[in-house]
Amino acid sequence: MGSSSVITLAALMALTATASACIIACRPTEEHARAVINHLVAKRFNSPFTVVSYETTRTADFDMIAGEMRGYEIFFKARVQFPRGANLDCAPGVAERPGDCTDDAYFSLIRPTRPTPNGRQYIEPGGTRLFDEDLRFAELKGGWKGPDGELYNP
């Protein structure tokens, strides 16, 4: 066997090993879920925050669009702290409160069973909120599309 054949065989074996490992573990990861949470919290609250704790509570495969597309769901609990608070102009008792504020006490990043509250929500300085939700990823060619619209590659 010539040296070019050995190199070709080694490359093929490496590709096969990668592909076979990917068949088993080609799903969004906890790191992907954390990235989605960071994107959604930043977008929803537009204020500095720290994810104090994160736990994946369960995962599940599912079919989307009547079996035409594969989905993957990550259920999580994330405790998020807002050192400076968020939407301080929406605080209860503020004299001239903007019209886009809401008093809804249900805090959500994304949940199909209950819509994300319309309007900006007040969080007191140093306040912590628990997000106990799920993230649905849709498999696309080359990766998984997260609920934040980003494409993630396992």
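**Aromatic pairs, core and sheet in a predicted chain**

Let me begin with the aromatic rings, where the count comes to 7 aromatic pairs, a pair being two rings of Phe, Tyr or Trp (its six-membered ring) with centres within 6.5 Å, called stacked if the planes are under 30 degrees apart, edge-to-face if over 60, and tilted for the rest. In one of them, the ring centres of Phe45 and Phe131 are 6.3 Å apart and the planes lie at 55°, so this pair is tilted. The two partners come from distant parts of the chain, Phe45 from helix α2 and Phe131 from strand β5, 86 residues apart; helices (H or I, at least four residues) and strands (E, at least two) are here DSSP runs, numbered from the N terminus.

Residues are numbered from 1 along each chain as its sequence is written, and side-chain values use heavy atoms, with hydrogens and water left out.

Returning to the pair, Phe45 counts as buried at 2% relative accessibility, and Phe131 is likewise buried, with a relative accessible area of 1%; buried means under 20% relative accessible area, exposed over 50%, and partly exposed in between, with a 1.4 Å probe and protein chains only. Both rings belong to one aromatic cluster, formed by Phe45, Phe49, Phe82, Phe107 and Phe131. The charged end of Arg44 sits over the ring of Phe45, 5.6 Å from its centre, and that of Arg136 sits over the ring of Phe62, 5.0 Å from its centre, where the rule asks for NZ of Lys or CZ of Arg within 6 Å of the ring centre and within 35 degrees of the ring normal.

Now to the fold as a whole: the chain has 2 helices and 7 strands, in the sequence pattern α-α-β-β-β-β-β-β-β. Of its 154 residues, 31% count as buried.

An open sheet of 5 strands has the order β1-β2-β5-β6-β7, with antiparallel pairing, two strands being paired if DSSP finds at least two bridges between them. At the edges stand β1 (50-64) and β7 (151-152), each with a single partner strand, so one side of each has no neighbour in the sheet.

Within this sheet, 12 bridges join β2 to β5 in the antiparallel sense, and Lys77 stands opposite Asp132 in β5. On to the next pairing: β5 and β6 (residues 143-145) are antiparallel over 3 bridges, with Glu139 opposite Trp144 in β6. These two strands form a hairpin with 2 residues between them, and Gly142 in the turn has a positive phi of about 95°.

How values were computed:
This is a predicted model: local features need pLDDT of at least 70, side-chain atom pairs count only at pLDDT 80 or more; totals for chains, interfaces and linings use all residues.
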